[in-house]
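This briefing goes through one protein model, from an annotated region to overall figures and then a single residue. Please keep the sequence and structure in view while reading.

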Amino acid sequence: MLANAGVKLFEGEGKVVGPNEVEVNQLDGTKISYSAKHILIATGSRAQRPAIPGQELAITSDEALSLEELPKRAVILGGGYIAVEFASIWRGMGASVDLCFRKELPLRGFDDEMRAVVARNLEGRGVNMHPRTTLTELVKTEDGIKVRTDHGEELLADVVLFATGRTPNTKRLNLEAVGIELDKNGAVKVDEYSRTNIPSIWAIGDVTDRMNLTPVALMEGTCFAKTVFGEQPSKPDYSHVPCAVFCIPPLSVVGLSEEQAIDQANGDVLVFTSTFNPMKNTISGRQEKTVMKLVVDGETDKVLGASMCGPDAAEIIQGIAVALKCGATKAQFDSTVGIHPSAAEEFVTMRSVSRRIAAGKPKNNL
């Protein structure tokens with residue numbers, strides 16, 4: 001794709017050495033410098049490792065897709081996207097999987113009700129769940145890696161995966177030496193147009209630690225190109241960004257969670273839910289239910305958020321995201337004719353309020 005776009009690619013380790021200059025230490029050890037009117041930093045993020053004894057025995061997501069053989073026993077530390085997705089992948093391929101995470105439920109930051117659905121589905125598929133648990137030590141033995149938890153448990157694994165977050169990839173870029181401001185986590189500070197405090201240097205993607213999703217980085221890159229080269233000053237818009245966790249079955253959301261809506265809505269929050277057995281499960285005999293949810297502002301009737309856990313969730317929520325971006329109301333959802341038979345039609349046929357919550361009501365922290 002880069003070659004087809006006419007991009008020249010130079011392999012080596014790069015660093016910024018001035019407002020308009022980048023130095024590259026090439027693979028053969030020689031150094032070359034390039035100057036440009038604009039420099040764009042898009043170096044992403046790197047996996048973090050918890051500082052525990054034996055941490056070198058574990059892998060991160062960088063190595064997880066390069067294993068030479070499928071592990072029979074896997075222990076995963078973390079409760080985010082990567083942890084949940086790899087738990088689904090390895091368990092689906094027949095491995096024994098233990099998932100350890102610090103909170104009561106995985107996927108912190110998502111809607112609590114949907115988090116509980118994902119946890120229930122993982123458990124139903126045979127993933128051993130260890131809530132409120134972290135790891136304290138890894139020890140290499142003849143039988144594999146012995147994993148000790150803070151509850152005194154001992155687990156044996158062929159592979160231990162650390163999925164404990166990522167940190168902006170800025171350490172070796174020489175940024176502070178040339179005066180680029182970083183935040184306390186090492187992320188590049190930028191304005192609403194992705195410009196750093198040095199006017200000729202810009203940054204996009206995970207290295208800025210704004211909303212760390214691949215499509216969001218693409219949006220930021222598009223806005224950068226329009227602003228700098230298209231004479232169309234453009235700011236990234238982070239509202240109503242849909243996302244998905246590709247566990248089995250997948251979870252996808254757009255807009256506010258119920259908990260966020262309670263904090264931010266103008267009036268009472270109306271919650272609409274639908275739980276049903278998807279048609280394909282009637283043939284396979286699986287007991288996993290599809291769960292759908294709409295969160296609505298009771299004062300304005302505006303749909304604030306949509307969530308789904310079930311087959312094809314990402315495909316369906318992508319379409320719902322357009323409606324939310326346009327400010328759709330619940331009445332407009334209700335007046336839309338559904339496609340029958342489909343799971344998606346449930347989003348336009350949910351009529352009964354599951355619950356009404358007063359705006360600003362305190363929420364549980366799971």
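Over residues 3-221 the chain is 17% helix and 29% strand, with the end C-alpha atoms 18 Å apart; helices (H or I, at least four residues) and strands (E, at least two) are DSSP runs, numbered from the N terminus. This is a predicted model, in which local features need pLDDT of at least 70 and side-chain atom pairs count only at pLDDT 80 or more, while totals for chains, interfaces and linings use all residues. Residues are numbered from 1 along each chain as its sequence is written, and side-chain values use heavy atoms, with hydrogens and water left out.

**Annotation**
- The unreviewed UniProt entry places the feature "domain: FAD/NAD(P)-binding" at residues 3-221; UniProt positions are given in the numbering used here, feature names are shortened, and annotations may be inferred rather than shown by experiment.

**Whole protein**
- The protein has 8 helices and 20 strands, and its C-alpha trace spans about 65 × 60 × 40 Å along the principal axes.
- Of the 366 residues in the protein, 42% are buried, where buried means under 20% relative accessible area (1.4 Å probe, protein chains only).
- Among contacts (heavy atoms within 4.5 Å) with a separation of 6 or more, 57% come from residues 24 or more positions apart.

**Asn281**
- Asn281 lies in helix 6, which covers residues 279-284, and counts as buried because its relative accessibility is 8%.
- Leaving aside neighbours within four places in sequence, Asn281 is in contact with Arg286 and Glu288.

Key
Buried < 20%, exposed > 50% of the residue type's maximum accessible area, 1.4 Å probe, protein only.
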